[in-house]
Structure formats: C-alpha cells, structure tokens
Amino acid sequence: MTTDGTAATPTIPLAPWALRCRACEADHPPAPVAICPACLGPLDPVPPVGRRLPSREEIAARPTSLWRYREWLPFTGDPVVSTEVGYTPLLDAPELARCLGVRRVWIKGDLFSVPSLSFKDRVVATALNAARAFGLSAVGCASTGNLGNAVAAQAAGAGIPAWIFIPEDLEMGKIVGSAVCGARVVRIRGHYDDVNRLCTQVADRCGWGIVNVNLRGYYGEGSKTMAFEIAEQLGWRLPTAVVAPMAGGSLVTKLARGFQEFREAGLVSGPAPRVHGVQAAGCAPIIHLFDRGEGSTAIEPVIPATIARSIAIGNPPDGLYAVRTIRESGGWAVAVPERDLVEGMTRLARTTGLFAETAGGVTVGGAIHLARRGHLTAADEVVLCITGHGFKTPEPVAAVLPPGPVIAPRFRDVQNLIDKETK
C-alpha cells in the first residue's frame, strides 16, 4: 500500500538486455562487459523481439524523466535508482538565431540537468541501473570532470560506493563537485587516456562497475534520450540540424540513433537532422579523421592541449563511428580555436542568459564556424546541445571579463558611471 492507502503499482524486476557486437554481430548474454571477446568490437544492448512501444499520448502522460522513454532504454522492468534524471528544457534562442543567420535556434539545456548540471547524468542513470541489476559492489569512472560529478552524485543517492579517477590537473570546481558527495576521488599523473587505461585494469581486477569501461554499452544508451526529448519538445517533429560537442564521440552517434528510433516507431516523420560534431582545436582527433576524407578509418591519438578539459579525450573510443554518423547524416565537423570557444561562452550568455562551461563554448563557437562556412543556412532550424554549466569552469571567461568598478556608497559616483556609459 502507498502512504495514502491506495494499492501500490507492482514493480517488474530490472533485467539488462543482451548484447551484440557492433563489428562482427556476435550475440552475448547480458554482462558487465563492453568488448567482444571474439573481435574486440564494442558491444551494444539489443532490444527484445516483440517489445511493445508506446504512443505519443502514453509517453506524454508519464513523469518527466528520461525513463518516460524506458522501452528504448537497455532494460526490461523498472529502474531502481536515478529515477528523476532527464527531461531538461529546450529553450528558444531568437537572438542567437539572428547571430547565426538561421530560422530558429533552440538550446537543449543539459546545463540544468539533475543532479550534477551536465548531460552525463543521462548516461550515469542507465549505467547505475545496470550496476544494480548485475549486483556490483561499487561503481566508478575515468573522468574529465562532469562524468565524475554525475557518478558521485547519483551513487550517493543510491547508496553505492563510488571511486572517481581523474587527471591531476582537473579544475578544482569539478574535483570538489565529486568529493563533496562522498566519492573517493583519485588524481592520476597524466591525461585522460592514462586514467582510462588504469580504469580498465580496475574494472577487471576489482569487479566494480566502471561506467565508461565495462558498463559502457548500457551507459551509452542514456544519451539517446536527449534526441527523444528534442523530438517531443518540438511537438513531435525534428529540427533540420543539431550541433553537439565531441569527446569520446558517443553523443553524436546516439543522437542520430535516437532520432532514427523515433522515426522507425512512427512517432516523428520527415528527414533526420544533419548531425554536426565539434571539438576544441587543442584536442580534435575526430575532426582530424573527418578532414582526412572518407578513405581514412583510423583515429590518430593526440595529447590534449585545450582549456575545454571536459571534452579533452585524445584517443576517443567512438571516434570512427562519430565520423561515419556525421557523414551519413549530411553533417559536418569543425575544430574551434581557444579564443573562439571563449567567445562562444560569452555569446551564449549575452544572447540567452545561459552560462555554459567550455564544452558549450565549443558548441556555440562551432555553430558560428558552421554558419560562416555555409553548413548552416537561413532555412535551418537548429538545436545546440549545451552539455554542462559554466559555474563548473568560470576561469576561461573570468580571465577576459573586465573587473567591476568599486565606488563609494554615494549616488554621485553612480551618476558618474552612468555618464561614462552614455558618452
């Protein structure tokens, strides 16, 4: 019974979907394993045959979280943790549309995500449910900041021990954001790819759920919900283009997959959006692969050298798939110089009032470059994916903003400032 005396709705035990190799298509049972033992390809969850999909009306009647799309998420049964994550706002940005010279711009505002103010809350929600379903004793991640915050916050809410492994020079705001939730934060000498290699060993030897290592197949599916929300929030239609930042490369692939799954279900119609991917110029291995042309199939790793640390992954695991997705969608890929990503942060704030972190600056700066090069046109209706809040990384814009004046508590001094502004 519930607290008001009514009968409680019975829950269905959570069971992860089986897995299939994206490369050789071999099938595997559900397990905390992300790599095919036969060919080393990535494993993806496979929906059960004959599953029933909901109508628009059924979805709209459900609570506003990512679980309103549960039939497309990699489980049967009901989620047991992180049930309030998702359904972030889609915000109209007419001033930014004028700046870009396009018909409409919307901001997909994962900078307002619960509980950790980044889109990583989505992927952690699915990963933590997988960890619970597999009975894993602890969770963790290799992180450039946002993922660590999301794992720490959601693990705290679920009562699961968490270990967060990060590069030693990460921004203090992100270190604090994980530590305050009670997670064990471990700083590693080196960059993200060194951290990720270590976490592969941790997953193997400790038997923990490292969300972006051995739980990666279940983790990645959470990203699709950003596409589902965009379609629903636009009134069950699709934009003509989406611009998203790339770190490991998974987000752009899952956005395209999400739009396609809704089209296959008959929930939306019309052409799929062009997916544009952007990276900071100081860490742009996916852009380099894209620029080398269709004959190139191998990522050449780089050592990150950018202030956009949240997307600074020098050897992105889904880089090749990201390039394929961008090409197949008719999209484009651009690298954004440091000064342009800072300009992107300030342009977004001054046209919408939204303060994004450096990855958001890359998204807006990338959209400006795409518009200048003709990849966004006057007829376009564009969604910009803003994936984290600027309060986490204020340093880049703080360095270029003028300090405020200090005056005595006299109106005469205020009037002097006003006079200077109006001259």
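Modeller: Start with the cut-offs: buried means under 20% relative accessible area, exposed over 50%, and partly exposed in between (1.4 Å probe, protein chains only). The model is predicted: local features need pLDDT of at least 70, side-chain atom pairs need 80 or more, and totals for chains, interfaces and linings use all residues. Numbering runs from 1 along each chain as its sequence is written, and side-chain values use heavy atoms, without hydrogens or water.

Colleague: Why is F411 called exposed?

Modeller: F411 has a relative accessible area of 58%. The cut-off is over 50%, so F411 counts as exposed.

Colleague: Where is F411 placed?

Modeller: In helix α15, residues 411-422. A helix here is a DSSP run of H or I with at least four residues, numbered from the N terminus.

Colleague: What makes F411 part of a nonpolar patch, and which residues form that patch?

Modeller: I407, F411, V414 and I418 form the patch on the surface. Together the four have about 340 Å² of accessible area, by the Shrake-Rupley method with a 1.4 Å probe.

Colleague: What makes helix α8 mostly covered?

Modeller: Helix α8 spans residues 224-233, and nine of its 10 residues are buried.

Colleague: Which residues of α8 are buried?

Modeller: K224, T225, M226, A227, F228, E229, I230, A231 and E232. K224, E229 and E232 are among them.

Note on methods: Patches are made of residues with over 30% relative accessible area and no salt bridge: like charges are joined within 9 Å, nonpolar side chains (Val, Leu, Ile, Met, Phe, Trp, Tyr) within 5 Å. A salt bridge is a side-chain nitrogen of Lys or Arg within 4 Å of a carboxyl oxygen of Asp or Glu. Helices (H or I, at least four residues) and strands (E, at least two) are DSSP runs, numbered from the N terminus.
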